[in-house]
Amino acid sequence: MNRYLNEANEIFEYSLELRRDFHMHPELGFQEVRTAGIVSRELYSLGLEVTTGVAETGVVAMIEGAQPGPVALLRFDMDALPIQEETGAEYASQNPGVMHACGHDGHTAIGLTVARLLHAHRQELKGTIKLVFQPAEEGLGGAKRMIHEGVLDNPRPDLALALHVWNDKPLGWVGITPGPVMAAGESVRIVVIGKGGHGAMPHLAVDPLLAASQIVVGLQSIVARNVSPLKTAVVTIGAVHGGEAFNVIPPTVELKGTIRTFDPEVRALVLERFEQIVERIAEAFNCQAKIEASFLTPAVVNDSTITSRMQTLVGQVLPESTLDTEERTMGSEDMAYILQDVPGCFMFIGSANAEKQLNAPHHHPRFDFDERVLPRAAALMAAAAVGSLSVHAN
Ligand code: NI
């Protein structure tokens, strides 16, 4: 299995050039026109059957193995974030206000590298590889839209794999965990409605700011006092908007936040308590509250059998690496939608290098990673695809 790493290392320049090119020309969700153009050009050049324009800018390609067998879907996301880059890298974003700050430039380059590796090995493949280059992972629902447009049909995948470069951990670390690994997320918006008035005559107004302040504090009791200490949940209010003047009580205040959970029962409990606390505190302060909660993604849940196979594979493909079987994060990922329908595994691969200061967190203006992760990730993914096809076939 080591040969995949050797082969990926041999075409490191290819991966590197692609990654830097994507990094210099980042595109937001559903606008990945240039990126998708390069992706389809590279896939066509291998002689693959390519479908473009799936969910606007998504690209799907098939690698048919020489022998029949199951179908493995490999997913790579392509979108960037609305962030002004501050890395100062020579390959920094040339698109003002847009940046690959999550590593999806790397994922796209890894996907094309995997396509080359697997294409070279198609004589040994027992089944079909479905390569999926997904748009709009960052909260815009790209995966859901691709599913809606049939990415899980014709042929239907038997398993699905994806990975994420992971700057929380150094190069050489690999995280493959069974069960839930990334959280279900909702975005919530609350409008507290009172009655505006003069700041010096509060008794003639109904102050929504005071109610909103109590709501922010009250909501923290959900995790502290309602969720079991052995379970996981996050309730964050990240935005408070209300009022303009020092001497005016505003008529309304808006709060925005997010809820993250792993377990559907915990999620239901948190949402129920959220509504009760918001509504009753508002009522206690003579205000009204309107709540809008929108579900972003379910939890990313790894299939235990496929995950344990992937864990075994790491030692063979990347023998120098450290395998962590307990990595979980409260971040969200829309690979969750694919894994709801198809069993599979979402893997993390360490990409930070503190000595080279390539260790800023994901979604940070100075985010960048050690590019030596590219061949490692491509080798892992290629071996994972080949390995899971042959095991699944038996
Ligand atoms: Ni990401």
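Student: In what sense do strands β1 and β2 pair?
Tutor: Antiparallel, over four bridges. β1 covers residues 49–54 and β2 covers residues 58–64. Pairing requires that DSSP finds at least two bridges between two strands. Strands (E, at least two residues) and helices (H or I, at least four) are DSSP runs, numbered from the N terminus.

Student: What should I know about the model itself?
Tutor: It is predicted: local features need pLDDT of at least 70, side-chain atom pairs count only at pLDDT 80 or more, and totals for chains, interfaces and linings use all residues. Residues are numbered from 1 along each chain as its sequence is written, and side-chain values use heavy atoms, with hydrogens and water left out.

Student: Back to the hairpin. Which residue takes a positive phi there?
Tutor: Ala-55, with phi near 55°. Three residues sit between the strands of that hairpin. Thr-51 has Val-60 in β2 as its bridge partner.

Student: What is the strand order in the open sheet?
Tutor: β1-β2-β4-β3-β5-β16-β6-β15, eight strands with mixed pairing. The edge strands are β1 and β15 (322–324), and each pairs on one side only.

Student: How do β5 and β16 pair?
Tutor: In the parallel sense, over eight bridges. Leu-163 stands opposite Met-347 in β16.

Student: New topic. Which protein donors does the nickel ion have?
Tutor: Cys-102 (SG), His-104 (NE2) and His-164 (NE2), at 2.2 to 2.3 Å. Donors are N, O and S atoms within 2.8 Å of the metal (3.2 Å for Na, K and Ca); water is not among the atoms, so sites may look incomplete.

Student: Where do Cys-102 and His-164 lie?
Tutor: Cys-102 is in the loop between β3 (67–77) and α4 (104–120), and His-164 is in strand β5 (residues 159–170), so the pair ties together parts 62 residues apart in sequence.

Student: Are those two buried or exposed?
Tutor: Both Cys-102 and His-164 are buried. Buried means under 20% relative accessible area, exposed over 50%, and partly exposed in between, using a 1.4 Å probe and protein chains only.

Student: Now the helices. Which residues of α3 meet α4?
Tutor: Thr-35, Val-39, Glu-42 and Leu-43 in α3 meet Thr-108, Leu-112 and Ala-115 in α4. Contact means heavy atoms within 4.5 Å.

Student: And which strands does α4 touch?
Tutor: On the sheet, α4 touches β2, β3, β4 and β5.

How values were computed. Axes fitted to C-alpha atoms, helices over the stretch in contact; angles between N-to-C directions.
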